[in-house]
Amino acid sequence: MKFSIVIPAYNEEQFLPLTIDSLVSQTVLPHEVIVVNDNSTDSTSQIAATYAQRYPWIKLLNTSSDAVHLPGSKVIRAFQKGFDALENKDFDIIVKLDADLILPVDYFEKIIVVFESDEKIGMAGGFAYIEKNGEWILENLTDKDHIRGAFKAYRKQCFDQIGGLRPAMGWDTADELLCKFYGWKVITLPELKVKHLKPTGANYDKAARYKQGEAFYTLGYGFWITAIASAKLAMRKKKPLLFLDYLNGFLKAKAEKKQMLVTNEQAKFIRKYRLEKMKEKIF
């Protein structure tokens, strides 16, 4: 199976070389890689250009956008520009990859094996690990059946059916819920340990934290599911007061009647799915 990769990058001069080095060392190489330099003010563009000169399957796309780093919207808009710029759409798997990762050398070899094992598998990915006190530990922010937004691999047919990625916070939950809505399977591989060099949310401010609550609203969670999800996420991040930020974000989005990321039918499915998952954990 052929796979193509889009890497949105904003001021990633410190980590981008490590990410690309881990790509060129893969046991199975990508069909095409596009690094989207999203208005960086450091040497991100020059670094990507150097790799593009050495490897014909690596391309650089320079683009511009707002410098404000609100989670979701900036990165996905950059991803979409890279996706549109792919020279050859004859791929089986499309991958959205962050620019601050080190992948195991057999990462994509094993991802391909998973997709080939079952034609109903729509998404696959490993697990994120962060360095703490000299050790690499699981970045435990989500359930074990969720693929982190930093490294998402989609079967092309699944990607097309869910309508691509939404340029808003919550995109990396919306995609998986829509996969399930359309009957696709989401597979996580614990043995694929990805080193995440920059902890999630490291550059987010309070306005960005409110966006998490907004995301819960636009996914159709409703108040009580949002409250439970907010409490769970705040405790995982070991910052209990984030619970209030998330709830305020939800209520603000509801008052402003923010545009939903899903249809009414999909929202109904999502609420039912979330409630069933909660019941499984309780009982």
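How many salt bridges does the structure hold? It holds 14. The model is predicted.

**Glu-12 and Lys-198**
- Glu-12 and Lys-198 form a salt bridge, with 2.8 Å between the closest N and O atoms.
- This pair links distant parts of the chain, 186 residues apart.
- Glu-12 sits in the loop between β1 (3-9) and α1 (16-24).
- Lys-198 sits in the loop between β9 (185-196) and α7 (206-218).
- Glu-12 counts as buried, because its relative accessibility is 8% and the cut-off for buried is under 20%.
- Lys-198 is partly exposed, at 22% relative accessible area.

**Lys-59 and Glu-32**
- A salt bridge joins Lys-59 to Glu-32, and their closest N and O atoms are 3.9 Å apart.
- Lys-59 belongs to strand β3 (residues 58-63) and Glu-32 to strand β2 (residues 32-38), so the bridge ties together parts 27 residues apart in sequence.
- Glu-32 is buried, with 3% relative accessibility.
- Lys-59 is partly exposed, with a relative accessible area of 22%.

**Glu-214 and Lys-211**
- The side chains of Glu-214 and Lys-211 form a salt bridge of 3.6 Å, N to O.
- Both residues lie in helix α7.
- They are separated by about one helical turn, because they are 3 residues apart in that helix.
- Lys-211 is partly exposed, its relative accessible area being 23%.

Key:
Residues numbered from 1 in each chain as written. Predicted model: local features only at pLDDT ≥ 70, side-chain atom pairs only at ≥ 80, totals over all residues. Heavy atoms only, no water. Salt bridge = Lys/Arg side-chain N within 4 Å of Asp/Glu carboxyl O. Helix = DSSP H or I, 4+ residues; strand = E, 2+ residues; numbered from the N terminus. Buried < 20%, exposed > 50% of the residue type's maximum accessible area, 1.4 Å probe, protein only.
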